[in-house]
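Look at the structure below and follow the text one step at a time.

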Amino acid sequence: MQNFDIDILKRNVQKLMDEHGTKQEELADYLGMSQPNVSKALNLKYKKCFTLEQACRISDFYNVSVDYLVGKRTTYSAANNREIVDLLITLIESGKVSFSEVNMTEQVYPEPLPHESSDPYNKEMQYPALFFRDYWLPGEEDVDGSQFADILAGGNSTGNYSVNDFLRKFIQVYTLRQKGDLYDETYKAVVHDYLSRIW
């Protein structure tokens with residue numbers, strides 16, 4: 001494992017411990033380690049780290065993947081709800097995404113369970129929606145000095161344009177694949193090409 005992966009593992013384990021209020025003694029007991037060894041494994045100054053077996057046990061303890069612990073990006077289908085929420089928090093807190101509420105009309109069945117005679121009905125639903133804004137709104141407080149200079153120069157793009165451009169193209173190709181109008185190999189090649197163009 002490369003050094004930066006070890007540091008990521010240590011930081012992610014410490015983050016999970018902080019979020020769950022886990023003491024080093026508790027984790028040490030679960031892993032069959034001494035508390036001083038857990039302390040050293042968490043310390044970025046030491047080369048000592050958790051073994052692969054210990055990382056797997058930690059992932060079970062916190063119900064996260066080992067990929068998450070070492071900072072490896074996972075696909076949506078492999079990500080659990082916690083990892084998805086962590087990614088959303090990071091995107092929102094970084095200012096990369098904005099959010100709003102969207103209203104949708106959906107067909108739902110009476111609760112608790114539909115019966116054979118139950119007919120669906122239309123229900124107005126409201127959902128949180130995230131989006132990548134291409135431009136800043138006047139008066140936004142998170143604009144730093146260099147970004148403000150760009151605004152004054154007339155180019156107030158946040159750099160999200162390439163993300164939105166990718167998403168628009170990806171959704172078209174994904175829809176074709178879902179309809180069976182595009183082979184998997186072609187789909188993967190096109191998505192790979194789109195990914196290579198993100199700046």
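Begin with aspartate 193 and arginine 197, whose side chains meet in a salt bridge, with 2.9 Å from N to O. The model shown here is predicted. Are these two residues buried, partly exposed or exposed? Aspartate 193 has a relative accessible area of 31%. This value lies between the limits of 20% and 50%, so aspartate 193 counts as partly exposed. Arginine 197 reaches 53% relative accessibility. Exposed means over 50%, and therefore arginine 197 counts as exposed.

How many salt bridges does the structure hold? There are 3. Another of them joins the side chains of arginine 177 and aspartate 184, at 3.0 Å from N to O. Arginine 177 has a relative accessibility of 27% and is therefore partly exposed. Aspartate 184 is partly exposed as well, because its relative accessible area is 39%.

A further salt bridge links lysine 169 with aspartate 165, and here the closest N and O atoms are 3.2 Å apart. Where do these two residues lie? Both belong to helix H8, which covers residues 161-179. They are 4 residues apart in that helix, about one turn. Lysine 169, at 29% relative accessibility, counts as partly exposed. Aspartate 165, with a relative accessible area of 25%, is partly exposed too.

Now turn to the nonpolar side chains. The largest nonpolar core has 20 residues. Which of them touch the most other members? They are Leu9, Val13, Leu27, Phe50, Ile58 and Leu69. Two or more residues of this core come from each of these elements: helix H1 (3-20), helix H2 (24-31), helix H3 (35-42), helix H4 (52-62) and helix H5 (66-69). The largest share is that of H1, which gives 5 residues.

Return to the largest core and pick out Phe50, one of the residues that touch the most other members. Which residues is phenylalanine 50 in contact with, leaving aside its neighbours within four places in sequence? The list is Leu9, Val13, Leu31, Met33, Val38, Ala41, Leu42, Ala55 and Ile58. Leu9, Val13 and Ile58 in this list are also named among the core members that touch the most others.

Notes: Residues are numbered from 1 along each chain as its sequence is written. This is a predicted model: local features need pLDDT of at least 70, side-chain atom pairs count only at pLDDT 80 or more; totals for chains, interfaces and linings use all residues. Side-chain values use heavy atoms; hydrogens and water are left out. A salt bridge is a side-chain nitrogen of Lys or Arg within 4 Å of a carboxyl oxygen of Asp or Glu. Buried means under 20% relative accessible area, exposed over 50%, partly exposed in between (1.4 Å probe, protein chains only). A nonpolar core is a set of buried Ala, Val, Leu, Ile, Met, Phe, Trp, Tyr and Cys residues joined through side-chain atoms within 4.5 Å. Contact means heavy atoms within 4.5 Å.
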